[in-house]
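Open the model in your viewer and keep the sequence panel beside it. The stops below go from one selection to the next.

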Amino acid sequence: MASHRKSRTPGTRVAGIRTPALATAALTSVALLSQTADAAPGDDRPSLEEVEKKVGDLYRQAESATEKYNAAKEKTTKQRKRVDTLLDDVAQRTQKLNEARAELGSYAAAQYRTGAGMPDTATFLLAETPQDVFDQRQVLDRMTGRQKAAVDDYVTQQTETMKKRQEATESLRTLTETQGDLKTAKATVQKKLADARELLSKLTAEEKARLAAIEKRKQEEAARKAAELARQQAAQQSGGTSESSGSGSTGSADTPPADSSYAAKAEKALAFARAQIGKPYVWGATGPGSYDCSGLTQAAWKAAGVSLPRTTYDQVNAGTTVPVSQAQPGDLVFFYDDVTHVGIYIGNGMMIHAPKPGTYVREESIYYDGDSAIHSIVRPA
């Protein structure tokens, strides 16, 4: 397992988005060359190995903050709708309460004009709380049926209005908290990404060239692994047997194949995903002009009529887990022990995904960061 990945805790998964390839795929291999790239004695510049570790940490922290941002944004939207609904309800109930109060007032005024002394109905208008009203219920014996009905309506409207006002107050408090979480997560993402870019900007031209060469070799190896998986899957379809490929393989070897209904939905999801190729990765984005990794998979399956949760750590639980060797087009491919990235499988060991800031939606081998990076394959419908 790669050194940057955390040990998986059984039964738990942590929020996040994928670790960008430059920070994890390319930079991880830089450690092999770090002995020759260390700073000279007396030089304060960090070694490539130190840069690799720091950048990887920063991107992982940004990933975690991005998923927290996505979750907080979704919660804030729902909470704002709830607050709006409650405030509308309070306004309507306040209007009804005012109407009930006016009706009681009309009875009180009539009693006053006839010289009846302190109007019975006025007793209720002087009450400040529902309990005050209930404490004076004995006066109902001296009221007409219409007066009693007016008092009952007033008591009901007053009780419900106070209840809704309390709910609205509590919802507003919750909304304020979620907006604070949203703001904090956004600031964290921006700070971590800025710090990572600053570190990478300090690399020399020679160091950047070496990183590019390492990345190219890793992509070549990823393509070889994808071709190997394609051969395994072809052998399975022709009646042969094959072991699951990759340390991220999970699920039963007898996992039944997806039915024709799933294939039809997957085709629609993949058609949507292919149409997004070339659009930029933007953290927190759900389309249509840009996407982050889970935003893309959510939008793709929505086009097929399937509703997926917003975050990677929720999407990973939104289907059936299957072995890597039995992955079919449309399946979701999750990466890293903390489930920080997701792509949509297109067959032959390849996927479509939104990789990282500064890149675009593209096709890539599911082994782009090595076998051990694959967390699981999930069939969402």
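Which residue is the bridge partner of H353 in β5? Select H353 and look across to β5: the partner is R362. This is a predicted model, and the strand β4 (residues 350-353) is where its confidence is highest, at a mean pLDDT of 98. Between β4 and β5 there are 4 bridges, and the two strands run antiparallel.

**The sheet**

Now select the 6 strands together. They form an open sheet, with antiparallel pairing, in the order β1-β6-β2-β3-β4-β5. The edges are taken by β1 (320-322) and β5 (362-365); each has a single partner strand, so one side of each has no neighbour in the sheet. From one strand to the next, the twist averages 40°.

Select β3 (341-347). All 7 of its 7 residues are buried, so the rest of the structure largely encloses this strand. On one side, 4 bridges join β3 to strand β2 (residues 332-335), running antiparallel, and L332 stands opposite I344. The hairpin of β2 and β3 has 5 residues between the strands; pick out Y336 there, which takes a positive phi near 75°.

Then turn to the pairing of β3 with β4, which is antiparallel and has 3 bridges. Here Y345 stands opposite M351. The hairpin has 2 residues between its strands, and N348 in the turn has a positive phi of about 55°.

Select helix α7 (residues 205-237). It packs on the sheet, touching β3, β4 and β5, and its direction makes about 80° with that of β5. With 33 residues at 1.5 Å a residue, α7 should span 48 Å, and this agrees with the 48 Å between its end C-alpha atoms. Colour its buried residues, among them E207, R210, L211, I214 and E215. Further along the helix, the buried set includes K225, A226, L229 and A230. In an α-helix there are 3.6 residues a turn, so residues three or four places apart point the same way. Just after α7, stop at G239, where phi is positive at about 105°.

Next select helix α8 (residues 260-275), which lies across β3, β4, β5 and β6 (374-379) and runs at about 115° to β3.

**Q315**

Is Q315 buried or exposed? Find this residue in helix α10 (residues 312-315). Its relative accessibility is 0%, so Q315 counts as buried.

**Where to read with care**

Finally, colour the protein by pLDDT. The average is 77, and 69% of the residues score at least 70. Select residues 1-42, where pLDDT stays under 50; the model has 108 contacts beyond four places in sequence for this stretch. Over residues 241-253 the pLDDT is also below 50, with 32 contacts beyond near neighbours in sequence. Confidence is lowest in helix α2 (residues 34-37), at a mean of 40. Where pLDDT is low, the predicted coordinates should not be read in detail.

**The whole protein**

Zoom out to end. The secondary structure comes to 10 helices and 6 strands, and 47% of the 381 residues are buried.

Methods:
Residues are numbered from 1 along each chain as its sequence is written. This is a predicted model: local features need pLDDT of at least 70, side-chain atom pairs count only at pLDDT 80 or more; totals for chains, interfaces and linings use all residues. Side-chain values use heavy atoms; hydrogens and water are left out. pLDDT is the predictor's confidence in each residue, from 0 to 100. Contact means heavy atoms within 4.5 Å. Buried means under 20% relative accessible area, exposed over 50%, partly exposed in between (1.4 Å probe, protein chains only). The expected span of a helix is 1.5 Å times one less than its number of residues. Two strands pair if DSSP finds at least two bridges between them. Axes are lines fitted to C-alpha atoms, for helices over the stretch in contact, and angles run from 0 to 180 degrees between N-to-C directions.
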